[in-house]
Amino acid sequence: FLLCNLENLHIQDVNRVTCIWLGYERVDFSNLKLDDILKDVHSDKFSAIRKSARIGNTYSLESSLKRKDDSFFPASSRITILESDGQRLALFLIRDDTEHRRIIVDLQQAKNEAELANQTKTDFLATMSHELRTPLTSINGALRLIESGATGDLPERARAMSHLALRNGERLLLLISDLLDFSKLSAGRMNVSLATELLQPL
């Protein structure tokens, strides 16, 4: 914790943990003001707290604290307003947010990597589906010509094999079309038209 006079910002007391975090000896704080360690002491938010503070009220503040070696670390504070000898005091209960901020950064990085991997997968599916659909459409077209007899009569066994190949080709084309639709949905690029339909025919 840290206790300071809310009017002149002179620091009146700190605990051992705050001394360790800031790199000072406890006696050093008798010559320090909040300006010396709180980066945002003149920010609009802290100025508003000082102006509107009422005895017993509690406020929150996120800021950076300055160590003796002039380095900073992120911290969040719960500020409780007290009174002593007619003066308003601010009791800061401080939490070092260094690890918390690091976790947030790591989580954001992991989220970005996951989104990139998902986009890569979606792009791959779209590209693969396009590359497969074009030659497969040509193959199915050729099989239909054979089925129609345009290339001449086929033996019964060859006709059955041709029919089987065409049926499987059409199924595969439907699957590829579904993959393309899935890729469009994932990328938010599918155009959807809403219409009223009767359920019974469906």
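Contact here means heavy atoms within 4.5 Å. The structure discussed is a predicted model.

Q: What share of the contacts in the chain with a separation of 6 or more comes from residues 24 or more positions apart?
A: Contacts are considered here if their residues have a separation of 6 or more. Among these, the share belonging to residues 24 or more positions apart is 49%.

Q: In what order do the elements of the chain run from the N terminus on?
A: The secondary structure comprises 4 helices and 5 strands. Read from the N terminus on, these elements follow the order β-β-α-α-β-β-β-α-α.

Q: Why is the chain described as more spread out than a compact globule?
A: For 202 residues, the globule rule gives 17 Å. The chain is well over that value and is therefore more spread out than a compact globule. Its C-alpha atoms fill a box of roughly 110 × 45 × 20 Å along the principal axes. The reason lies in the radius of gyration, which is 36 Å.

Q: Which strands are the edge strands of the open sheet?
A: The open sheet has 5 strands in the order 2-1-5-4-3, with antiparallel pairing. An edge strand pairs on one side only, and this applies to strand 2 (11–14) and strand 3 (58–66).

Q: What angle does the direction of helix 3 make with that of strand 4?
A: Helix 3 (residues 98–148) packs on the sheet and touches strand 3, strand 4 and strand 5. Its direction and that of strand 4 make an angle of about 135 degrees.

Q: Is S76 buried or exposed?
A: S76 lies in strand 4. A residue counts as buried under 20% relative accessible area. The relative accessible area of S76 is 12%, so S76 is buried.

Q: Which residue has a side chain joined to that of S76 by a polar contact?
A: Leaving aside neighbours within four places in sequence, S76 is in contact with several residues, including L61, E62 and L93. The polar contact between side chains spans 3.1 Å, and the partner of S76 is D97.

Q: How much of the accessible surface of the chain belongs to carbon and sulfur atoms?
A: Of the 202 residues, 27% count as buried. The accessible surface of the chain comes to about 13,800 Å². The part of this surface belonging to carbon and sulfur atoms is 56%.

Methods:
Residues are numbered from 1 along each chain as its sequence is written. This is a predicted model: local features need pLDDT of at least 70, side-chain atom pairs count only at pLDDT 80 or more; totals for chains, interfaces and linings use all residues. Side-chain values use heavy atoms; hydrogens and water are left out. Two strands pair if DSSP finds at least two bridges between them. Helices (H or I, at least four residues) and strands (E, at least two) are DSSP runs, numbered from the N terminus. Axes are lines fitted to C-alpha atoms, for helices over the stretch in contact, and angles run from 0 to 180 degrees between N-to-C directions. The radius of gyration is taken over C-alpha atoms; the globule rule is 2.2 Å times the number of residues to the power 0.38. Buried means under 20% relative accessible area, exposed over 50%, partly exposed in between (1.4 Å probe, protein chains only). Accessible areas come from the Shrake-Rupley method with a 1.4 Å probe; for residues, only the protein chains shown count as cover. A polar contact is a pair of N or O atoms within 3.5 Å; within protein, one must be able to donate a hydrogen and the other to accept it, and residues adjacent in sequence count only if both atoms are side-chain atoms.
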